[in-house]
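Welcome to this short tour! Have your viewer ready, and select each stop as we reach it.

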Amino acid sequence: DPLTASTDLRCMAGYYCQSGCIDPMCLVDRGLPASAGVYTVIGGDCPIGTYCPNGTATPIPCAEGTYNPVIKQASCIICPNGSWCGLGFSDPIICPLGHYCPAGSGASMGNLCPAGTYNAMYGIWNVTSCQLCDGGKYCPIDGMNASTNSCYAGYYCTQGAVSPYGRLGVMGGDAGPCWV
């Protein structure tokens with residue numbers, strides 16, 4: 001019975017009891033007698049986006065990279081592949097364009113696709129899903145969601161280029177001057 005005091009008088013997992021509570025759940029308005037050492041101050045079910053291990057005085061927000069969609073939980077869930085979770089999240093958020101989000105991604109919205117690549121899809125979780133910048137284009141910064149920057153006139157850019165001027169790029173691409 002969840003209203004029965006535990007032998008060590010700590011608040012039960014999934015619930016919080018602020019200091020001074022003896023009842024393991026400290027639920028207000030549950031009709032518990034204020035006699036026999038059982039009384040209620042403030043407390044209740046651990047809400048969504050938080051967790052409450054045994055003996056919790058105040059609900060603890062789920063850490064970045066985790067979430068909790070239901071009440072009365074003693075722990076949070078790792079954010080799944082293709083999503084990110086900030087502090088105290090009750091549900092994961094789909095990974096945005098220009099990013100990739102492996103399991104456990106936190107408030108930075110996952111990782112940025114590196115320069116020389118872009119990502120035009122939501123919910124990816126692996127850097128290998130970031131696409132090399134298209135030939136004739138360059139991707140100069142991390143986190144691009146399209147390959148839209150054209151190489152400058154008189155220069156060429158192969159896939160993965162990071163510069164329009166002919167400097168060697170990253171991710172296997174390069175650029176260079178056109179020779180006549």
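A residue is called buried when its relative accessible area is under 20%, exposed when that value is over 50%, and partly exposed in between. Keep in mind that the model you are viewing is predicted.

**Stop one: serine 105**

Select serine 105, in the loop that joins strand E9 (99–100) to strand E10 (111–112). Is serine 105 buried or exposed? Its relative accessible area is 6%, so serine 105 counts as buried. Now show the side chain of serine 105 and follow it to the backbone oxygen of proline 102, at 2.7 Å. Which residues beyond four places in sequence are in contact with serine 105? Select Gly65, Cys79, Ser83, Trp84, Cys85 and Gly110 to see them.

**Stop two: aspartate 134**

Next, select aspartate 134, which sits in the loop between strand E12 (131–132) and strand E13 (137–138). With a relative accessible area of 31%, aspartate 134 is partly exposed. Then pick threonine 148, 14 residues from aspartate 134 in sequence. From C-alpha to C-alpha, aspartate 134 and threonine 148 are 8.6 Å apart in space.

**Stop three: a patch on the surface**

Finally, select isoleucine 93, found in strand E8 (residues 93–94). Its relative accessibility is 37%, so isoleucine 93 counts as partly exposed. Together, Ile93, Ile94 and Tyr122 make up a nonpolar patch on the surface, with about 320 Å² of accessible area.

Technical notes
Residues numbered from 1 in each chain as written. Predicted model: local features only at pLDDT ≥ 70, side-chain atom pairs only at ≥ 80, totals over all residues. Heavy atoms only, no water. Helix = DSSP H or I, 4+ residues; strand = E, 2+ residues; numbered from the N terminus. Buried < 20%, exposed > 50% of the residue type's maximum accessible area, 1.4 Å probe, protein only. Polar contact = N/O pair within 3.5 Å; in protein donor to acceptor, adjacent residues only side chain to side chain. Contact = heavy atoms within 4.5 Å. Patch = residues over 30% accessible without salt bridge, like charges linked within 9 Å, V, L, I, M, F, W, Y side chains within 5 Å. Areas by Shrake-Rupley, 256 points an atom, 1.4 Å probe, with all protein chains shown as cover. Salt bridge = Lys/Arg side-chain N within 4 Å of Asp/Glu carboxyl O.
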